[in-house]
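Please keep the sequence and the three-dimensional view at hand while working through the points.

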Amino acid sequence: MKDTNALSSRKKKTTVADIISLILLFLLTFIFVFPFYWIVTGAFKDQKIAVQLPPQWFPTDPTLTSFVTLFKNPALQWLWNSVFIALATMVLVCLTAALAGYVLAKKRFYGQALIFSMFIIAMALPKQVVLVPLVRMINALGFHNTMAAVILPAVGWPFGIFLMKQFSETIPGELLEAAKIDGCGELKTFFNIVIPIIKPGIAALAIFTFITAWNDYFMQLIMLNTRAKLTLPLGIATLQAEFATNYGVLMAGAALAAVPIVTVFIAFQKYFTQGITMGAVKG
Amino acid sequence: MNKQKLYKIRMRETLVSYAFLAPALLFFVIFVVYPMISGVYTSLFNYTIRKFDFIGVDNYIRLVSDPIFKKSLINTLVIVLGSVPIVVLFALFVGLTIYEKHSAIRSFFRCVFYLPVVTGTVAVTVVWKWIYDPINGILNYLLQSAHIINEPIMWLGDKRFAIWAIIIILLTTSVGQPIILYVAALGNIDQSLTEAAEVDGANRWQVFKNIKWPGLMPTTLYIVVITTINSFQCFSLIQLLTSGGPNYSTSTIMYLVYEKAFKLGQFGYANSMGVILAVIIGIISFLQFKFLGNDVEY
Amino acid sequence: MKKRALSLMLVMAMTAGMLAGCGTKDAADTKEDAGKEETAKEEVKEDDTDLEAEITWWNYPNFAAVDETAGKYEQGIIEAFNEKYPNIKVNIEMIDFASGPEKVTNAIQGGTVCDVLFDAPGRIIQYGKDGVLADLDDMFTEEFVADVDNEKLINACYVGDNAWMYPISSAPFLMAFNKTQLEEFGLLDMINLEGDRSWTVDQYQALIKALKEKGANGAVMFCVSQGGDQGTRAMLANLSGTPITNDDLTEYTINSDAAVEALQMIVDNVKDGYMLNGSAQDGTASIEEFVSGRSSNAILFSPGVYNNNKAKMEFEPVFLPFPTPEGVDPALEYLIDGFCVFDNGDENKIAASKLLIDFICNDAEWGPKNVVQTGTFPVRQSFGNLYEGDENMTYLASLTKYYSTYYNTIDGFAEMRTYWFPMLQAVLSGEDVKTALDGFVEQANQSIANAQ
């Protein structure tokens, strides 16, 4: 939709202000790209070179020593834990949020306003607010130091529900009416009519949840203790405590955490952008 | 349709709706609502590993006279209220600059500004720690080489800079989404309106103020909401970079709750801080809901 | 039908959640009570070789890592232990000093805490006071106490009549300078290498000035996170000749006029560039600066730290006590390494844990070997000199006479620590030294009261 707009307006003359803005933009680009660039290149530098000043901007003498040290820790296990937690959270959030968002958007029922405002208010609550009772609850359920302790509290994610409600608003009411007249049951309507329509929304929410769960450092920090149970971000933080300024190893860990997810993001960028946009600006 | 039939339909819809809501509500109640209630209740206790004694509102009285809590509260507000306008302006600037460009260019910049988000806060923090490192860090090195400063600056260890150093990182990890949103919203503004205005001799600022900005209002409000949420989640930066220092100048309530609960085992006191934090967030959410509600259509 | 079932499930799950949530507190209480009865019964017997149990051992990096692999050395201990006690399965878990303490607190709350922890009295005594440990009274045999022959050290393991920590080794914290560099600069004669190497504040000031003139980086006055804070306290105590606390551990005394003056000196040293402002660096980073050769000295160094970093150091360090005012003896802080056993409500596990501790500390072969791996000195005199011919270690062993009052067992120790670095950060950023120190002492004294 916006692509055509943009194309038609490219004829506009370029002003000095435009050029300055563009230059500024490229400078900013440097700041935003730099951390990722530094992680990826730093991972292949020797510890001494990684901290030297003036810095070596590109590893002229790439080495795998940092990775060797990294893999003396259960880094692959951490990677797997991160992937599992992110995937499981993603599936559960998408499912529950799609169900909830649909009825909040398309049904009229008693207590609707109350429930919806509850979700909205909770949307901004950081986990620290309920930290101690939440930990107690997790302990009572026997989930302490398991992946479930990180996954399950993320499932009732109000933001996900909000997003799915936004998407479900776009479902034409006539379609639902028609289904009802055809004698479609509620579940059948949901799976056969609602899901196909809000699919792009689910895809967006899926990527969203995946990234959020992957980066949910706080919950991981609180809930996971033992070395084999750590996630990649938590593992990097642990390495940071142990190795202090051994940036080589830290960069190797960071690269292991960042490269897969950045790759996924770039591959699915289009859907992602669409999803974000559609969720916010309805229609 | 008579009243009774209407009621019957409504009841049926209600049952169906709750069935659909049940899975989400189940988790929500167990992991948010119940802990919330329990948190309020246990904040009235002297609650440590050893003790669980009812003390009424003593924890809250202690809060009022706790200078560290006061500092943390102010920092929390500075981070939230400071980063929101910066994020909005920054995203708007980038959005305005790139939205008319070729789609490949837009794609490129969207990726660039979203990169820190997907790289992950912890991974990004590792690099920033090195950038800010007073001795081995690149920032001091560059500034000193350029003779802008003579003495190395403790970016994270100087109370004049520390919180802003944190906010800058927070900024790089939060502008990605607002930029994507602005680019899309700007693309949706009716082109003929701006063109007509230009023909009528309106300058760029007038076009922006009278046509684009009103059209961007709903998006802006949405961005304000998500940035507020995001800013309140700013824990890992502080835990990993400053531990709340120097002298509590980067300590936030979120960090303090963690410290009181898990460093010192003062669970009751930590809960009372959590309750206050929830109240503050509640007020902010309420205001946003009230003022922005009509435009964003929650 | 389905809908009804769903809502029913919801209600049930909610109720279950609430009940479960309420249950934790009670469980913790009963555990506490049970703990008190159980512990006295167990006796460590040498012939318990068929005891069956599975225990978990959490370890800070106290032993130097073998092959840069955390936990590998510990695995070796466990294998040897299992030759003797084949039916006790030991799971080792490495934790770090930065986030480890929180993990332990969290795990105590979560009921997933380990059985055996290798730590130091500061935290262990607190766990003891919190009532979550099994006492180790029976391990303090007459023979052991006589062999240790050091009342201060034994006292550090006790609260009242209960022993909560079984000590294995100890070592003083000192300063260290880059000896190779001092030689290069021709400054070696500015330090005292005779006898106990004690020196005065003036001599110290002269040396760090000379080093600065030669272009060397000073020591990092670190004050971030919490680790290593004892080093900075010891430094201030020595520079000023003022103890941190009174002898009865009822009051903090580190705001004397002399202490204010000494802290002002440190602040000025940072300002003048003789030391580096560490408001953004933690203890590990400051050690890293020293061992990498970038800093000419470190205000916190110990034989254990040296041992852990030896491999990557390309110079020779020299240990020195903290400088003191003319005519005042150094008062060294020291580390005690030791074990505690968490009471997880299973007598078997407690017994097995004690066997493991006994093996690590007292086995004829592994006892001394483990002490050497920590790079510190055995608490048992009978182990003799484990570092024959090592000049550094022979010197360090001679310093026991300067050990100061061990205050890490004071009530509210953990809370006091959270106020110390912020105080340092405040004075390093220009706040009035006297106000800050007075404020610290007031908060610290309050923390004693809070913990009672």
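In this predicted model, 20 residues of chain A are in contact with 25 residues of chain C. On the chain A side of that contact, helix H7 (131-140) and helix H13 (232-243) are the elements that give two or more residues. The points below begin with the contacts between chains and then turn to the inside of each chain.

**Contacts between chains**

- On the side of chain A that touches chain C, H7(A) gives the most, with 5 residues.
- By class, the residues on this side of chain A divide into 7 nonpolar, 9 polar and 4 charged.
- Chains A and B also meet: 83 residues of chain B are in contact with 82 residues of chain A.
- Helix H1 (residues 3-42) of chain B gives the most to the side of chain B that touches chain A, contributing 19 residues.
- That side of chain B has 54 nonpolar, 26 polar and 3 charged residues.

**Helix packing in chain A**

- Helix H6 (residues 112-123) of chain A packs against helix H9 (residues 158-168) of chain A at an angle of about 125°, and their axes are 8 Å apart.
- The crossing in which H6(A) passes H9(A) is left-handed.
- From H6(A), the residues Phe119(A), Ile120(A), Ala122(A) and Met123(A) meet Pro158(A), Phe159(A), Ile161(A) and Phe162(A) of H9(A).
- The contact of H6(A) with H9(A) has 8 nonpolar residues, no polar residues and no charged residues.
- Helix H5 (residues 75-106) of chain A also packs against H9(A): the two axes come within 7 Å and cross at roughly 50°.
- H5(A) and H9(A) are therefore oblique to each other, and their crossing is right-handed.
- Residues of H5(A) that meet H9(A) include Val93(A), Ala97(A), Gly101(A) and Lys106(A), while those of H9(A) include Gly160(A), Ile161(A), Met164(A) and Ser168(A).
- Sorted by class, the contact of H5(A) with H9(A) has 10 nonpolar, 3 polar and 2 charged residues.

**Chain B: domains and confidence**

- Chain B is divided into domain 1, which covers residues 1-42, and domain 2, which covers 59-124 + 165-296.
- The C-alpha centres of domain 1 and domain 2 of chain B lie 31 Å apart.
- The mean pLDDT of chain B is 87, with 97% of its residues at 70 or more.
- Among the elements of chain B, helix H7 (residues 162-172) of chain B has the highest mean pLDDT (94), and helix H13 (residues 267-296) of chain B has the lowest (80).

**Chain B: backbone details in a loop**

- Most residues other than glycine have a negative phi, and most peptide bonds are trans.
- Gly245(B) and Pro246(B) are joined by a cis peptide bond, with omega at about -10°.
- Pro246(B) is found in the loop between helix H11 (236-241) and helix H12 (253-263) of chain B.
- Asn247(B) is found in the loop between H11 and H12 of chain B, and its phi is near 45°, a positive value in a residue other than glycine.

**Chain C: two domains**

- Chain C is divided into domain 1 (42-169 + 336-396) and domain 2 (174-331 + 411-450).
- Taken over C-alpha atoms, the centres of domain 1 and domain 2 of chain C are separated by 29 Å.
- The contact takes 12 residues from domain 1 of chain C and 10 residues from domain 2 of chain C.
- Helix H4 (121-129) and helix H15 (391-397) of chain C are the elements that give two or more residues to the side of domain 1 that touches domain 2.
- The largest share of that side of domain 1 of chain C, 4 residues, comes from H15(C).
- By class, that side of domain 1 of chain C has 6 nonpolar, 6 polar and no charged residues.

**Chain C: a helix pair**

- The axes of helix H16 (residues 413-428) and helix H17 (residues 433-450) of chain C come within 9 Å and cross at roughly 170°.
- Angles over 145 degrees count as roughly antiparallel, and so H16(C) is roughly antiparallel to H17(C).
- Among the residues that make the contact are Tyr419(C), Trp420(C) and Met423(C) of H16(C), and Leu437(C), Phe440(C) and Ala444(C) of H17(C).
- The contact of H16(C) with H17(C) has 11 nonpolar, 4 polar and 1 charged residues.

Methods. Residues numbered from 1 in each chain as written. Chains lettered and ligands numbered in written order. Predicted model: local features only at pLDDT ≥ 70, side-chain atom pairs only at ≥ 80, totals over all residues. Axes fitted to C-alpha atoms, helices over the stretch in contact; angles between N-to-C directions. Parallel < 35°, antiparallel > 145°, perpendicular 65-115°, else oblique. Contact = placed C-beta atoms within 7 Å. Nonpolar A, V, L, I, M, F, W, Y, C, P; charged D, E, K, R; others polar. Left-handed = near helix turned anticlockwise from the far one by under 90°. Domains from an automatic or database assignment. pLDDT = per-residue confidence, 0-100.
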